[in-house]
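Happy to go through this one with you.

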Amino acid sequence: EEEQEAGKQFKIKMVDSQYYLPNDIGISALDCSEAFRLLSPQEKMYAHYLSPFTFLKQQDFRYGGLAVLLQTSPESANIFVLLQRIFRKQTPAQLEQVATAAGLSSEEYQAFLVYAAGLYANMGNYKSFGDTKFIPNLPKDKLKALVWASQAFQEQPAEMEALWDSCSCLLYSLENRQKQLGLGDKGITTYFSGNCCLEDAELAQKFLDSKKLSAYNTRLFKKEDGGKTCYEVRLASAVQKDCAVDGECESCCGSFSFEDKEFTVKRGDYSPIMEKVCYYLEKAQAYAANENQRKMLEEYTRSFTLGSIEAHKEGSRYWIKDKGPIVESYIGFIESYRDPFGSRGEFEGFVAVVNKAMSERFAKLVSSAEVLLPELPWPQEFEKDTFLKPDFTSLDVLTFAGSGIPAGINIPNYDDIRQTEGFKNVSLGNVLAVAYATQKEKLTFLEEGDKDLFIKWKGPSFEVQVGLHELLGHGSGKLFVQDDKGKFNFDQSKVINPETGEPVSSWYRGSETWDSKFSTIASSYEECRAECVGLYLCLNKQVLSIFGHEGQDADDVVYINWLSMVRAGLLGLEFYTPDSKSWRQAHMQARFVILRVLLEAGEGLVGLEEVTGEDGKPDARITLDRSKIPTVGKNAIHRFLCKLQVFKSTADVEGGRAVYDNYSTVSDTGAHNFLRLRETVLLRKEARKMFVQANTRISGDSVELVEYEGSAAGLIRSFTERFQDDAEQLESSLLELSKQDCYSSSGELE
């Protein structure tokens, strides 16, 4: 009985630790000093102003990124303002003495700093990678004592107490629904009001399709009016007028009846934030290097002023045409990973400087793309008619505004543009340099003999995987479409579905898109397809040679790339929630699916066994037979990748969902008890690193780079120094927007 009780306690503690950030979490500064030094004065000025999403006045604050607070949780904006007010008055070093006097131990104060750094790095109190909530790892009364003892509280006790009261309950709450992001009773989301469920999301998508409106920059609020259900669709825009403006023949706004429900489309979501974004976009136009950049900024301004995705598409077209700029940037409502329905984009923006030496390799990969594409396992008819050679550059991130920083990006996400006009790929070199550095003692689930090789080749192999994933993964494959006029982009009489041997019998119609059609699985499914392309093509000697790997080194890169993928599949279990049977991270779900496919291939390719660790606690061991990768492994990925592409090309949601959901299932039956393995993964998990970004400031006629140390205090200082001049006005706007959201989410009619 005692043992049972001890086991129970251990399990509770283990699960709870998911919701804290550990005091020793890795925090690294993103180094961009060398790349920034090489810029001309005009390029530096452009980088400074261009980040409308990034810089406020001369203090470089990522304005648009603030919208992410409102897109994450009802309390995120208020917590952000609380922290900003505390740290604007006292630096982390100054506050430490206050904390000691208030009765906090040094560990508790460090836990507070780590929490604050986590909130800034994720732009909210849910992890950007995994979507679980994190709370401060110190008692609530200790945190309250620190807030009360702070200078900010001494100067404005009534305001600070009201701010604490507005968010302290949710700041610590771990009720089931609040543990993760999700729709309805599965979690928290602010893309929808709290009373919305999956049926509401599906109905809203049909309505938006009928109006040819994209969901990317919208949120949905459901209200009851005298027993009648009304939906309000809000477009993110600076302008709050709903009438036709700026060359529109008719406004997309107004009230509409759809399937016996009332829909109202309104402008003005995040209005004060979008206004600032537009102000700095206009300022940046003076420093544009060419006409494409100027027009791109003009269209982005129009998009954020009016809430027009069409204008953002137009801006993206100019962005694609702007080949090989030294300062690269993109901005908008981009990635739909965190919308539980998979259609609404999180605000994101980056300014980065091109790393010329690294970019040469990617340029060679682009040149080889037309030779490599036919190597992929689907028939020629399932590939785009022409490969539109994109820019592919390695960038050092100067500023990334959003909830997290990826390692590589393929944008724009508009399939109609990607299919016929092109796209760009970027690999974020200074992120790769620090994100995947691993200490041997922290390398879990591998055999001792694999660890040194893994540490040596993890970085180089991931660079190859990112290159293939972005360029030939997201950049490949054709969607079969019948447009509004009934015209097809493929020959119905000739194209055969290789999975059935019959003519293709389904396709996308009119305004249907990949995201709108495949909705809840679209993001993860597409990441899985791109990851499979990386695994498949990294076996190609020409690819390895482009990245400078020959002979034994090339073989080691392939081995570690595949080993890294199967290990990531096991690590992915951290991002699965058994209670709701749902995945919280698109890439990790994709990697788990690939692990399942490779385990299913059999013949001793992948081994996964549960063992007892040296510490006497549950452990697991992953093995990969490197001699079978080019045969058993390649064949398994060949078959699976072809399936994924065929379902995607033919808009076969039913077929695609059945296969993908099957491999995504986490159960305790079958050859492997994945539910038990999940507990082992949670027990031995390492927290994801956080990044400290530099700021820029204008000094006389020049722009200077301001760098910070890679620590919680450094990350906090980088945020508090990003804006100072009108911090109070900004904070008051955020609090007002947050208050409006809470009112709208109650489901009452305003």
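Below are questions about labels, each answered from a value and a definition.

Q: What should I know about the model before we start?
A: This is a predicted model, in which local features need pLDDT of at least 70, side-chain atom pairs count only at pLDDT 80 or more, and totals for chains, interfaces and linings use all residues. Residues are numbered from 1 along each chain as its sequence is written, and side-chain values use heavy atoms, with hydrogens and water left out.

Q: What makes H469, H474 and E527 a group?
A: The UniProt annotation "binding site", from an unreviewed entry, covers H469, H474 and E527. Positions from UniProt are given in the numbering used here, with feature names shortened, and annotations may be inferred rather than shown by experiment. The three residues span 59 residues in sequence, yet no two of their C-alpha atoms are more than 8.3 Å apart, so they gather at one spot.

Q: Why is H469 called buried?
A: Buried means under 20% relative accessible area, exposed means over 50%, and partly exposed is in between (1.4 Å probe, protein chains only). H469 has a relative accessible area of 5%, so it is buried.

Q: Where does H469 sit, and what does it touch?
A: H469 is in helix 18, residues 448-473. Helices are DSSP runs of H or I with at least four residues, strands are runs of E with at least two, and both are numbered from the N terminus. Contact means heavy atoms within 4.5 Å. Leaving aside neighbours within four places in sequence, H469 is in contact with H474, E527, A530 and E531.

Q: Does H474 count as buried or exposed, and what makes it so?
A: H474 has 9% relative accessibility, so it counts as buried. H474 lies in the loop between helix 18 and strand 11 (481-482). Beyond four places in sequence, its contacts include N410, R418, H469 and E527.

Q: What is E470 called in the UniProt record, and where is it?
A: UniProt places the feature "active site" (unreviewed entry) at E470, and this residue lies in helix 18. With neighbours within four places in sequence left out, E470 is in contact with F392, G408, I409, N410, N425, V426 and G475.

Q: How do you know whether E470 is buried or exposed?
A: The relative accessible area of E470 is 6%, so E470 is buried.

Q: What about E526: buried or exposed?
A: E526 is found in helix 19 (residues 514-537). At 6% relative accessibility, E526 counts as buried. Leaving aside neighbours within four places in sequence, E526 is in contact with G473, H474, W514 and K648.

Q: Why is S394 called buried?
A: The value for S394 is a relative accessible area of 0%, so S394 is buried. S394 lies in strand 8 (residues 391-401). Outside four places in sequence, its contacts include V353, N355, F362 and G429.

Q: Why does N561 count as buried?
A: N561 has 5% relative accessibility, so N561 counts as buried. N561 is found in helix 21 (residues 551-571), and beyond four places in sequence it is in contact with S461, Q465, G534, L535 and C538.

Q: What makes helix 13 roughly antiparallel to helix 14?
A: The axes of helix 13 (residues 291-306) and helix 14 (residues 309-321) come within 8 Å and cross at roughly 160°. Axes are lines fitted to C-alpha atoms, for helices over the stretch in contact, and angles run from 0 to 180 degrees between N-to-C directions. Angles under 35 degrees count as roughly parallel, over 145 as roughly antiparallel, 65 to 115 as roughly perpendicular and the rest as oblique. That makes helix 13 roughly antiparallel to helix 14.

Q: Why is helix 22 called oblique to helix 23?
A: The axes of helix 22 (residues 586-601) and helix 23 (residues 629-649) come within 9 Å and cross at roughly 125°. That makes helix 22 oblique to helix 23. The contact is made by V593, I594, V597, L598 and A601 of helix 22 and V632, G633, A636, I637 and F640 of helix 23.

Q: How do the residues of that contact of helix 22 with helix 23 divide?
A: They divide into nine nonpolar, one polar and no charged. Here Ala, Val, Leu, Ile, Met, Phe, Trp, Tyr, Cys and Pro count as nonpolar, Asp, Glu, Lys and Arg as charged, and the others, Gly among them, as polar.
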